[in-house]
Amino acid sequence: EVYEVIQMEKDFPLETLVSQFRKDIEQFQFEQSQALCESYSEKAFELYNRLITPIENFDLPENLIIIPSGILNFLPFDALLKTPAVHLCNFKTYDYLINHHNIVYNYSATLWSELNARKTSRACENFIGFAPFFAENNSSGFGELKYNIPTLKAIKNLIGGDIFTDKDGNRIQFEELVEDYKIIHFATHAKANSNEGDFSFIVLSKGEGSYDSLFVKDIYHRQLLADLVFLGACETGVGTLHTGEGIISLARSFLYAGANSVITTLWSVNAQITKDITLDFYENLKDGNPKNDALRNAK
């Protein structure tokens, strides 16, 4: 095998570009303005030219593995544009990087090597899902979730399995059952701690109207056999940056606990769109698509 290193000059404001690129996408959920659309489109093409164009001559494979470092951990490479936007804001016409490559991310070369050595899941059960109930104007500080429980029920109708909703979506059920399942799905709130990644957490139920926290530090010691963990919550991919080893986060903790792969989010997500993408993903899985193809097609 040939291992090649291409050194790129960092003669442009990478951190500023990536940060603004993310802000444009996030803000567009709430303010669908021409200015945001134009800003995103320009930066998406510029970032592609800066990061991808220099390596295009190496015949990049369809299945592209990206191990980012530093600020690039926060960049959704899928949304970069190979060519400039012709019809501004007509997003279906955009030439996204994901149209050309099936993109998979990893946190470090060491972890990637370890994951490659793992065998297919040996878990005996297929699917388990957790979805606490979050009412409107509840006192927990976490907002209402209209679609998390309906989404979980729809997934069960598609592929079967066991789901734990409302007060049953609790930490006790997680700790007692989670190690027996091939697919683990969380449809709930989560909170990334960008200063102390080990204290990022997923919100589970603790009874009527109260909630419990499942921290990163609580996940590392689990012995999972899961082929996939689906973190359908906000900011599950964000955490503390450590040079050379990526982000210490909820997603990474599940990989270290034994999961073969994780689907996660980079920012606060639109609930309706999340539901649509999630159900499309599981429909694709049911149809026999591999995980990466199922997610790419859903996106």
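The model is predicted: local features need pLDDT of at least 70, side-chain atom pairs count only at pLDDT 80 or more, and totals for chains, interfaces and linings use all residues. Residues are numbered from 1 along each chain as its sequence is written, and side-chain values use heavy atoms, with hydrogens and water left out.

**Helix 1**

- Helix 1 covers residues 14-28; helices are DSSP runs of H or I with at least four residues, numbered from the N terminus.
- Its buried residues are Leu14, Leu17, Val18, Phe21, Arg22, Asp24, Ile25 and Phe28, where buried means under 20% relative accessible area, exposed over 50% and partly exposed in between (1.4 Å probe, protein chains only).
- These residues cover an arc of only 155 degrees around the axis, which puts them on the same side of helix 1; the arc is that of the directions from the helix axis to the C-beta atoms.
- Thr16 and Lys23 are exposed on the other side of helix 1.
- The buried residues of helix 1 pack against helix 2 (34-51).

**Ile65**

- Ile65 lies in strand 1 (residues 63-66); strands are DSSP runs of E with at least two residues.
- With a relative accessible area of 43%, Ile65 is partly exposed.

**Asp218**

- Asp218 sits in helix 6 (residues 216-219) and counts as buried at 13% relative accessibility.
- Apart from neighbours within four places in sequence, Asp218 is in contact with Arg171 and Ser213, contact meaning heavy atoms within 4.5 Å.
- Asp218 and Leu111 are 107 residues apart in sequence and 19 Å apart in space, C-alpha to C-alpha.

Terms used: Expected span 1.5 Å × (residues − 1).
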